[in-house]
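I set out to record, entry by entry, what I looked up in this structure.

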Amino acid sequence: MKKYSILLTALLAGCATGTQAPIAPLTTAPAEVDYRGTTSRWMENGAAAVEARASERLNKRRAKNVILFVGDGMSVTTLTAGRIFEGQLAGHSGEENLLSFEHFPNTALVKTYNVNSQVADSAGTASALNTGTKTEMGVINTAPTHTRGVCKDYMKDAPKPIAFYAEQIGMSTGVVSTARLTHATPAAVYAHSADRAWENDMWLAALSEEAKENGCPDIASQILGKMDGNGLEVALGGGALAMLPVGVGEGVRTDGRNIAEEWVASSPSARYVTNKTELDAIDISSTERLLGLFTADHMEFAGMRTENQPELADLTETAIKMLSKNKKGYYLMVEAGRIDHAHHGSAANLALNDTVALSKAVARALELVDLKDTLIIVTADHSHTLTMAGYPKRGNPILGLVSEPGMADGEHVMALDGKPYTTLGYQNGPNAAGVLVTPDPSGDHDIPPTITAQERETLTEEQVLALTYRQQSAIPLHSETHGGEDVAAHAIGPWSHLVRGTIEQNEIFHIMDHALKLRKRAAKK
Ligand SMILES: [Zn+2]
């Protein structure tokens with residue numbers, strides 16, 4: 001373990017800056033200097049990496065805490081492009097960089113399909129991660145046989161989310177997301193719903209007469225639930241609109257309930273915050289339950305974050321500090337929810353910025369936890385259609401136009417139509433040539449609308465490097481779709497070696513359960 005700890009210490013020191021590899025990186029200088037390395041450096045670095053792995057010992061201690069990070073829509077291509085982007089932001093060539101969690105010793109490929117769909121949505125996948133059971137698309141924690149949108153019997157044979165077992169044995173639980181806290185991924189931590197769209201009573205009533213008649217609860221109201229214990233200790237993210245009544249802020253609730261006020265009333269030491277100043281001012285030692293709603297809708301993209309909005313790393317830090325007060329341990333799920341939304345708008349720059357924000361949040365978590373007793377898993381719920389292609393030279397700006405090895409900077413490869421093209425593109429989406437497409441306004445908030453030309457545009461480097469540039473696609477759609485290929489899971493801490501091979505997504509729950517011995521301990525209660 002000792003050798004490994006030394007490696008880990010070096011590795012985590014690297015994580016904090018987010019740009020250093022665990023062993024001497026092949027490129028510490030800008031791309032034009034020594035980007036090839038030497039034979040001896042490649043040989044030494046390769047051998048040292050293998051030696052470090054060969055001397056690892058497995059940690060089979062029972063985990064006290066589990067943190068599950070979910071990059072929504074963080075495909076493997078997003079990881080590769082994201083690590084290059086992060087490296088290039090630090091002035092390096094980029095390819096040699098690793099995101100903080102890519103230093104973790106254990107990795108698996110994860111099959112993401114839902115029981116009725118080859119290409120998954122976030123509700124079915126979040127259910128698989130949180131309950132150990134796959135479901136249909138669009139439902140939150142129902143049985144695999146239950147049909148989306150049907151309220152009746154939605155709890156029949158419904159599996160229990162991991163946070164409910166944790167609450168049952170006195171652990172603390174928390175959820176953090178840059179999306180609305182009632183959005184599919186965070187909802188799966190604390191709620192059951194036959195439809196992910198039933199986020200608040202107004203949307204539920206508008207969407208389903210049957211749900212209203214049969215009294216199905218909306219998702220927002222369930223954030224106050226006891227969950228077989230004393231309920232969530234921490235919930236931080238966006239989505240105040242679903243929690244507040246009409247007339248209060250941008251609240252849309254028509255039942256008059258103010259969930260934030262009810263949260264505060266639930267305990268004398270429960271608190272509610274709405275911006276970074278208030279979050280930073282919280283006295284963690286005297287706060288038992290903390291609700292933070294920082295925006296009416298989703299929080300901003302990381303690349304467009306406003307000043308008094310906390311970043312994902314800040315939210316993660318507060319959540320860990322709050323939850324680790326409990327000696328019995330905790331379960332925390334942290335979602336980088338907007339990688340997905342940026343991809344739906346085919347806006348790769350925004351997606352990569354949110355990926356880097358997740359990398360930073362994981363690095364912050366590593367500074368705060370003891371890996372001897374804390375299992376950390378970083379995964380995605382599903383993929384997207386982002387591709388990285390062409391033959392760009394080493395160090396070519398990852399968001400830029402393709403310039404091949406041997407070409408001068410500013411010189412670009414031309415496609416058959418005589419126009420340059422970017423390294424990153426999407427299989428489908430709003431910026432496709434041939435048909436006029438207006439991007440789906442509900443799918444990608446904050447990205448300026450673009451209406452594409454009938455012909456492919458002649459792109460300039462300046463244009464494609466812009467924060468809100470929409471990459472070109474092959475198939476014209478209002479909103480780019482999810483992808484169906486496997487995603488990655490990276491893990492460190494007790495029993496993280498169970499994260500290996502090609503696994504079904506619901507197995508992630510069972511790995512967390514095994515590490516915590518959770519259901520066994522809950523059964524004794
Ligand atoms: Zn999506």
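**Entry on Met137.** I found Met137 to be partly exposed, because its relative accessibility is 29% and partly exposed covers the range between buried (under 20% relative accessible area) and exposed (over 50%), with a 1.4 Å probe and protein chains only. I located Met137 in the loop between α4 (122–131) and α5 (162–168); helices here are DSSP runs of H or I with at least four residues, strands are runs of E with at least two, and both are numbered from the N terminus. Leaving aside neighbours within four places in sequence, I noted contacts of Met137 with Asn114, Asn116, Ser117, Val119, Ala120, Asp121 and Arg148, where contact means heavy atoms within 4.5 Å. I also looked up Ser127, which lies 10 residues from Met137 along the chain, with 9.6 Å between the two C-alpha atoms.

**Entry on the source.** I am working with a predicted model, in which local features need pLDDT of at least 70 and side-chain atom pairs count only at pLDDT 80 or more, while totals for chains, interfaces and linings use all residues. Residues are numbered from 1 along each chain as its sequence is written, and side-chain values use heavy atoms, with hydrogens and water left out.

**Entry on Asn396.** I found Asn396 in the loop between β10 (386–388) and β11 (424–429). Asn396 counts as buried, because its relative accessible area is 10%. Its side chain reaches the backbone oxygen of Leu401 at 2.9 Å. Not counting residues up to four places away in sequence, Asn396 touches several residues, among them Gln88, Glu95 and Thr423.

**Entry on His344.** I placed His344 in helix α12 (residues 338–344). His344 is buried, at 14% relative accessibility. I noted a polar contact between the side chains of His344 and His482, at 3.1 Å; the term means a pair of N or O atoms within 3.5 Å, where within protein one must be able to donate a hydrogen and the other to accept it, and residues adjacent in sequence count only if both atoms are side-chain atoms.

**Entry on the whole protein.** I recorded 16 helices and 15 strands. The radius of gyration is 23 Å, close to the 24 Å that the globule rule gives for 525 residues, so the protein is as compact as a globular protein of that length. The radius is taken over C-alpha atoms, and the rule is 2.2 Å times the number of residues to the power 0.38. I noted lastly that 58% of the 525 residues count as buried.
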